[in-house]
Amino acid sequence: MKELVLKCESLYKTFGKKQILKNISLELYEGDILGFIGPNGAGKTTTIKLILGLQGITKGKVLINGFDIEKEFEKAIRKVGAIVENPDLYMYLTGYENLKLIANLYKGIDKKRIEEVVKLVRLENRINDKVSKYSLGMRQRLGIAQAILHKPSLLILDEPTNGLDPEGIKEMRELLLDLAKNEKMAILISSHNLAELDNLVNKVCIIKNGEIIETSGISEIKKEEKANYKLFEIKDASRIKEILPGAIIINENKFKIDAVKEEVPEIIELLVNKKIPIYEVKKEEKSLEEAFFEKTGGNVIE
Amino acid sequence: MNNLIKNELTKIFKKKAIYILLLVTLAFMILSNCIYKYFYNDTTYSYYSDGYIEFVKEAINELEPDKPSDTKMYIEYKTVLDVDNMMKEYNKDAWQIQIIASTIQNYINERNTYLYGAQKDESQANKINEQINELSEKLKNDDWKYFANEELKTAEEKVKLLEEEKSSTDDKQRLESIDLEIAMAKIDLDVAKYRVDEDIKYGYDYMNTALENYKERSYMIEQIDNSKEELTYQEKKDYNDSIEQREISKYIIENHVDINKQNDLRGILSNFFNEFGLFIVVITVMIAGTIVSEEFNKGTIKLLLIKPYSRKKILLSKFITVLIMIVFSIVVILAMELIVGGIIFGFESLNIPVLQYNFNSNMLQEINVFSYLGIQIFTQLPSIILLATLSFALSTIFTNSPVAIALPLLGYMGVAVINQIAIQYNIGFLRYFVTLNWDFSQYLYGKMPLMEGLTPGFSGIICIIYFLIMIIPTFVIFKKKNIKNI
């Protein structure tokens, strides 16, 4: 049985008269990687700040490892690592000095552990340089290093792929998968870069205008479709509408059509009869990005 | 907690700002010490300026001594020129100058009156001239003791005459004023005695300054003692100040020690807060004013607030760090002055004690320089802590470093003005203003505090109230603060 690490119970947040968050509920188990997705201004960072106790909760409850973040802050936050908005680092210190400051604030982090983490984020060569000389990607990696230094059970990353090159993104994905698998960390990632989450997260939570509009496993959200499109690749799709009036032309070789499984042989037969060469027939699967835009109705701040 | 404080100190000492400030302080220190050593001159004394002499020379040509309206002016100018001519024979700080300016000037004036005045009398003038020549001879022979003994003789005679007059007169009005005259004459006699007994050559050195101070302060005290008017608080304070200065002058005369010397290590150290207080305040205010707000401005506050420490502990550790830095800056600046001053002036002067007149025991108290310095630091500490607290509070509440640094510094510089106004116009309610209360050195040695009605207990309570007014909202606001997007 996997253990529940993070539980948000119908969180509300208002600033003055403005309602920022409405009824946000989340559950995160060890080893889970949750993608927290929403357009700018939807309330992703605010939710993270409520979880971390950086802002007061108007209504609702956050439990981390069973401890209430507001009532037992020190116990609740002990096993949490996080990057909020940007990797917050002391620019005038070296990477190592930054990690040393963090290490001082937890029990039992020795030199060996710091070196281990530095190696994990591949900063060995630059760790004694001032952070002000780091690239954004290196800062991001040092930020992750300081967040995982004390082996947290919950890791919260706000836009962690910002400023990383494709190689860096690949490395980070591997690192996070490794942490979730081997250290049993529960990881919450908010990101705009949906393509990144596609191969990383196993749960998705979509937030819009301060409300969660969808929570589900990654395979479910992709499969869930409004229409049941089948994708055809043929020699010439330009005049396909004369044969199949319901077809939607994608390009000169491809079209798609709304059809259930049982209708597919009929369509193939029709095309064969018209002597149109068929190269491929498959079920259309949506990318996470497409699913996202479908759910949120585009990137609109209201 | 300890680790939090350790981290805060690491952050401060890894920044360049503190080193820059300490370097600036050091540079200022070296400069001021050198100025004291090489340019400070307490004998820059010139009786008549060159410009004045030029003016007199021209003016006297326009005057006709025989014209009644011009006569007085002519005699005056002639005397100036004669005196100046005589002085030219000696160095500007020679003892002879003082004698010429006092005793001989009178003779010259008298002679010139007989020569050019309304009633001309050449034989009298010649007689006086002989006396002048006689005295002039003594000046040339460096015989200052002759003048000292003459001064003593004159003073003794004056006292004797006045006392005889007192015993013989029946005039009530005269009796009333004669006591004061006798007292004054006795002061002159004291001074003359001191000069002879302590072998104080005329001139412009510290011994003569002390003698002069002794005379003036004694006059002042005697006058106040004799007046029947009720003294105001500030007048009483001035009176006490005169007593202290008189006693210190007496000590200097009797011990031949230059207690008031400014330009040596001891002089600078005993004046430590006037010299370097601003630097201590700048350093502590800079730290207190940035320690919280900078973390907000750079976003690193989030890093700190998601560590397993309550917000109360985090803010408290920062405040304790500020207190540590106050002690640090005082110790470092003191050590720097000891080294710089020691190299420039040498350490010998540290053996000379600091003098304070104790109004409780009515005695002069000798205090070791370092004890005195320790007491000074201790009594000034509340003011520095309160300024740092103000800065800390502003820094936390407004998360704005410039405001948090500028406001306390402005306040520090405005203190003198506020206190001056409060004292001068005797505005009672300003008693509750902290700047009149935070300097506890005003209560040392039984002195009268800055304003009537101030007591150490009252000041202590005022300081604590101001402290709490600043620190409690700071903690409450910090605890409730929403960390907004940065």
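**Domains, chain contact and a helix pair**

Colleague: How far apart are the C-alpha centres of domain 1 of chain B and domain 3 of chain B?

Modeller: Those C-alpha centres lie 42 Å apart, with domain bounds taken from an automatic or database domain assignment. This is a predicted model, in which local features need pLDDT of at least 70, side-chain atom pairs count only at pLDDT 80 or more, and totals for chains, interfaces and linings use all residues. Residues are numbered from 1 along each chain as its sequence is written, while chains are lettered from A and ligands numbered from 1 in the order in which they are written.

Colleague: How many residues does the contact take from each of the two domains?

Modeller: Domain 1 of chain B gives nine residues and domain 3 of chain B gives 11 residues, contact meaning C-beta atoms, placed from the backbone, within 7 Å.

Colleague: And between the chains, how many residues come from chain A and from chain B?

Modeller: Chain A contributes 23 residues and chain B contributes 22 residues.

Colleague: Which elements of chain A each supply at least two residues of that side?

Modeller: Helix 1 (44–51), helix 2 (73–77), strand 6 (80–83) and helix 3 (95–104) of chain A do; helices (H or I, at least four residues) and strands (E, at least two) are DSSP runs, numbered from the N terminus.

Colleague: Changing topic, at what angle do helix 2 and helix 12 of chain B pack?

Modeller: The angle is about 175°, and their axes are 11 Å apart; axes are lines fitted to C-alpha atoms, for helices over the stretch in contact, and angles run from 0 to 180 degrees between N-to-C directions. Helix 2 of chain B and helix 12 of chain B are therefore roughly antiparallel (over 145 degrees).

Conventions
Angles under 35 degrees count as roughly parallel, over 145 as roughly antiparallel, 65 to 115 as roughly perpendicular and the rest as oblique.
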